[in-house]
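Dear colleague,

Please find below the structure that I am handing over to you. My findings follow it, arranged by topic for a first reading.

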Protein chains: 2
Amino acid sequence: MAYRQTDKVAARLAETRAAILAAARGLVAEGGFAAVQMSEIAKQAGVATGTLYRYFSSKEALCRELFREVSAREMGMLATIASSHEPASERLVKVLRTFAGRAVKGRRLAYALLAEPVDVNLAEERAFFRRTHAEIFASILEDGIENGEIPNIDVRIAAACIAGAIPTALIGPLAPQSHELDSNPDRVVEEIVKFCLAGVGITLAAGQEQNRERRTVA
Amino acid sequence: MAYRQTDKVAARLAETRAAILAAARGLVAEGGFAAVQMSEIAKQAGVATGTLYRYFSSKEALCRELFREVSAREMGMLATIASSHEPASERLVKVLRTFAGRAVKGRRLAYALLAEPVDVNLAEERAFFRRTHAEIFASILEDGIENGEIPNIDVRIAAACIAGAIPTALIGPLAPQSHELDSNPDRVVEEIVKFCLAGVGITLAAGQEQNRERRTVA
DNA sequence: GCACACCCTGAACCATGGTTCACTTCTTCA
DNA sequence: TGAAGAAGTGAACCATGGTTCAGGGTGTGC
């Protein structure tokens, strides 16, 4: 036995790996996946191009992992809210607000995750990401229908509509101007959430609305 | 004056040009813009690669023109409906049904126009296309609000929601399985339209619903 | 400190696919 | 019919950017 990786080395490798992913994440946040080049990642991470291939078998693999890492956090947040024990309509409102709110705050990243033109392999990851969203929405809708909070609609279709409406209205060419989103993000988010809720037959109660107003002013 | 283009030649050139665009359209309809290669277009059109460059300055120019040609037809149909003199809610229903219905029928093409990953220059064309949709929706909504058919909402945001919901729910990873769309396209379309109408505060009247039922059975 | 395995390097390599261009073929018209 | 200009050809060219690999450096265990 002439060589065995020590903890110190393992830690250093993990660090390098993290640095590579961090560099890639930075590039994505700046210019989307389109701006990600292996040579540039390497430069930003402070390693040589070839080194990347000691950690990831290909650019595709690297991008996939990055995509998963970033999207998993988002999905986790939504899933947590969705699995709480509140009434379905409450959960739906929270999930929609969270989804939309986070998309506004991290628009660049949200664009990369949701809307940016990417190639097929990443499109697969994205499809999973979006499908998960839709499933989260659908599960809440089902609960709501079961206990009569929501009228009997096709949950899969409604969920897909929501999953399409929110990103489209917030990012990309149909989104409001950036300065509007920056100056008054809550108003836009609320308007979109209102549309989606109305789409599934829910009208915001007065209390929820007021709550919103207060937040907006604050 | 040794050479002047005759009508016959002009006609032939126009024909070749059309053949090139038709070949490209065929490729797009089959495999999206990603499947479009200059050499393949040339082969399908029965000309040499170099010839393409006598008609279009670049691949980008060719694809742009193709995109415009195809999308102009779609936008024209919607615009015609939108500018009729019926009540706003009627027009909205018709526009949504047309938009969704056509997308289902020509799913492959709709995918290419609306959802397929494409590169930046084409994304520009697509942005125009989608913005036009949203404007059509918005103008109808405005009319509806003005004469009290529709509650007072932010029309731009609602329009963007609609423009996002319909394609997402019909094509791409969140769409129903293809066989479901083929066996019962009207049901899916109606469900989506219902969501969008509810989103802007319209409930389908009984007569309109019945109308739908009849069409579905026929 | 020696041998061995592992890690890092970055310039060279290669695949892809759009674009060019020297050449051939076709049209026009005197 | 033949000279001039337009249209067509397709193999060669080239830019881009992911991937490889031979060689040098670093850790490990004896």
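This is a predicted model: local features need pLDDT of at least 70, side-chain atom pairs count only at pLDDT 80 or more; totals for chains, interfaces and linings use all residues.

A polar contact is taken here as a pair of N or O atoms within 3.5 Å.

**DNA strand D**

Of the atoms of DNA strand D that come within 4 Å of the protein, 76% belong to sugar and phosphate. A polar backbone atom of B:A48 is 2.8 Å from one phosphate oxygen of DNA strand D, and a backbone N or O atom of A:M38 lies 3.1 Å from a phosphate oxygen of DNA strand D.

Which elements supply at least two residues each of the surface near DNA strand D? They are α3 of chain A, together with α1 (7–31) and α3 of chain B. The largest share, five residues, comes from α3(B). By residue type, this surface divides into 12 nonpolar, nine polar and four charged residues.

**DNA strand C**

DNA strand C is likewise surrounded by 25 residues, and the closest are A:A48, A:T51, B:T6, B:Y53 and B:K59. Sugar or phosphate accounts for 77% of the atoms of DNA strand C within 4 Å of the protein, and bases account for the rest.

One contact to a base involves A:G50, where a backbone N or O atom lies 3.3 Å from a base nitrogen of DNA strand C. Phosphate oxygens of DNA strand C are approached by the side chain of A:R54, through an N or O atom at 3.0 Å, and by B:M38, through a backbone N or O atom at 3.1 Å. Two or more residues of the surface near DNA strand C come from each of α1 (7–31) and α3 (49–55) of chain A and α3 (49–55) of chain B. Here α3(A) gives the largest share, five residues. The residues of this surface divide into 12 nonpolar, nine polar and four charged.

**Domains of chain A**

The domain assignment of chain A gives domain 1 (1–56) and domain 2 (65–217). What is the distance between the C-alpha centres of domain 1 and domain 2 of chain A? These centres lie 32 Å apart. Contact between the two involves 12 residues of domain 1 and 11 residues of domain 2 of chain A.

**Two helices of chain B**

Helix α6 of chain B covers residues 107–114, and its buried residues are B:R107, B:A110, B:A112, B:L113 and B:L114. What covers these buried residues includes α1, α4 (59–82), α5 (88–105), α7 (120–146), α8 (155–170) and α9 (178–183) of chain B.

Helix α10 of chain B has 15 residues (185–199), which at 1.5 Å a residue should span 21 Å; the end C-alpha atoms are 21 Å apart, so the two values agree. Which residues of α10(B) are buried? They are B:V188, B:V189, B:E190, B:E191, B:I192, B:V193, B:F195, B:C196, B:L197 and B:G199. After α10(B) comes B:G201, whose phi is positive, near 85 degrees.

With kind regards

Note on methods. Residues are numbered from 1 along each chain as its sequence is written. Chains are lettered from A and ligands numbered from 1 in the order in which they are written. Side-chain values use heavy atoms; hydrogens and water are left out. Helices (H or I, at least four residues) and strands (E, at least two) are DSSP runs, numbered from the N terminus. The expected span of a helix is 1.5 Å times one less than its number of residues. Buried means under 20% relative accessible area, exposed over 50%, partly exposed in between (1.4 Å probe, protein chains only). A residue is near a molecule or strand if one of its heavy atoms lies within 4 Å of it. A polar contact is a pair of N or O atoms within 3.5 Å; within protein, one must be able to donate a hydrogen and the other to accept it, and residues adjacent in sequence count only if both atoms are side-chain atoms. Ala, Val, Leu, Ile, Met, Phe, Trp, Tyr, Cys and Pro count as nonpolar, Asp, Glu, Lys and Arg as charged, and the others, Gly among them, as polar. Domain bounds come from an automatic or database domain assignment. Contact means heavy atoms within 4.5 Å.
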